[in-house]
Amino acid sequence: MDVYGLIGNPVGHSLSPPMHEAAYDALGMDARYVTFEPDADDGAAAVEAAATLGVAGLNVTVPFKRDVLDAVEPDDLAAEVGAVNTVDFRSDPPRGYNTDVAGVRRAFDHHGVERDGASAVVVGAGGAGRAAAFALAEGAASLHIANRTARRAESLAVEVRSALADDPDTPTAVSAGGLDSLAERVPDADLLVNATTVGMETDETPVPAAYLHDGLAVLDAVYAPLETRLLREAGEAGATTVDGAWMLLYQGVEAFERWTGEDAPVDAMNEALRTGLE
């Protein structure tokens with residue numbers, strides 16, 4: 001039996017176990033997915049212990065996504081993002097990946113949203129914001145990062161510009177500002193990602209409804225509730241809406257495919273995920 005799992009603190013709320021076990025059942029795999037909750041300072045040690053115990057693969061969530069960088073060999077993307085959320089133990093040292101980036105891209109792709117040449121806005125410069133910024137920068141015409149603390153947004157913008165500098169085929173214009181910059185940027189944007197926790201189990205939104213429009217595609221990384229105030233108001237404005245469960249689904253799909261080399265049973269994983277959210 002292959003054992004996969006998740007390390008985080010806390011992890012009791014995670015929907016990854018039913019999502020991944022649905023995939024194993026759909027494909028008839030002899031595998032299980034378990035959760036581990038190390039102390040907050042023990043993320044790297046947990047990865048090393050999992051390798052010793054023969055765990056086949058790990059997902060990594062808060063607060064360990066940056067901590068485990070020293071315990072793995074990150075691929076180029078994970079190194080650029082500065083965070084690992086998926087570890088593959090089939091190599092020595094273990095390989096680290098960031099599938100949150102793929103989660104953003106594939107969530108938009110699933111809804112038929114064109115990313116190449118788009119004008120994109122990301123709200124938030126934390127972990128989800130970093131993944132969204134790197135996901136949308138490649139191929140976009142422009143990327144704007146807005147954050148409550150403008151200095152943090154500018155710091156992320158500098159990192160994204162540096163990563164893009166080596167790719168002459170990606171002339172993305174990257175800018176940053178405080179939340180007040182949304183008034184100028186969102187009305188002309190094609191893509192918008194809320195990568196903050198604003199709207200999680202509250203009827204709040206980080207983006208005023210007046211800025212939303214029918215030429216926009218909006219992804220809200222919040223998935224509890226599935227229809228946040230941002231998505232509700234975006235839908236009322238005629239925008240394409242993408243709930244946060246799609247991002248969660250596709251980061252898991254990407255991890256599954258990296259671990260197993262198999263095409264993930266996306267429908268089965270999606271059904272298990274959304275059942276868990278009911």
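Colleague: What is the strand order in the open sheet of six strands?
Modeller: The order is β9-β8-β7-β10-β11-β12, with parallel pairing; strands pair if DSSP finds at least two bridges between them. Strands (E, at least two residues) and helices (H or I, at least four) are DSSP runs, numbered from the N terminus. This is a predicted model, where local features need pLDDT of at least 70 and side-chain atom pairs count only at pLDDT 80 or more, while totals for chains, interfaces and linings use all residues. Residues are numbered from 1 along each chain as its sequence is written, and side-chain values use heavy atoms, leaving out hydrogens and water.

Colleague: Which strands stand at the edges?
Modeller: β9 (173-177) and β12 (240-242) do; each has a single partner strand, so one side of each is left without a neighbour in the sheet. From one strand to the next, the twist averages 15°.

Colleague: How many bridges link β11 and β12?
Modeller: Three, in the parallel sense, with β11 covering residues 217-220. L219 stands opposite V242 in β12.

Colleague: And which strands does α5 lie across?
Modeller: Helix α5 (residues 127-137) lies across β7 (119-123), β8 (142-146) and β10 (191-194), and runs at about 175° to β7. Axes are lines fitted to C-alpha atoms, for helices over the stretch in contact, and angles run from 0 to 180 degrees between N-to-C directions.

Colleague: How many of the residues of α5 are buried?
Modeller: Nine of 11, where buried means under 20% relative accessible area (1.4 Å probe, protein chains only), exposed over 50%, and partly exposed in between. Among them are R130, F134 and L136.

Colleague: What do those buried residues pack against?
Modeller: α3 (76-81), α4 (100-110), β7, β8, α6 (150-164) and β10; contact means heavy atoms within 4.5 Å. Just after α5, G139 takes a positive phi of about 90°.

Colleague: Changing topic, at what angle do α1 and α10 pack?
Modeller: At about 145°, with the axes of α1 (residues 16-27) and α10 (residues 266-277) 8 Å apart.

Colleague: Now the whole chain: how many helices and strands?
Modeller: The protein chain has 10 helices and 12 strands. Its radius of gyration is 18 Å, close to the 19 Å that the globule rule gives for 278 residues, so the chain is as compact as a globular protein of that length. That radius is taken over C-alpha atoms, and the rule is 2.2 Å times the number of residues to the power 0.38.
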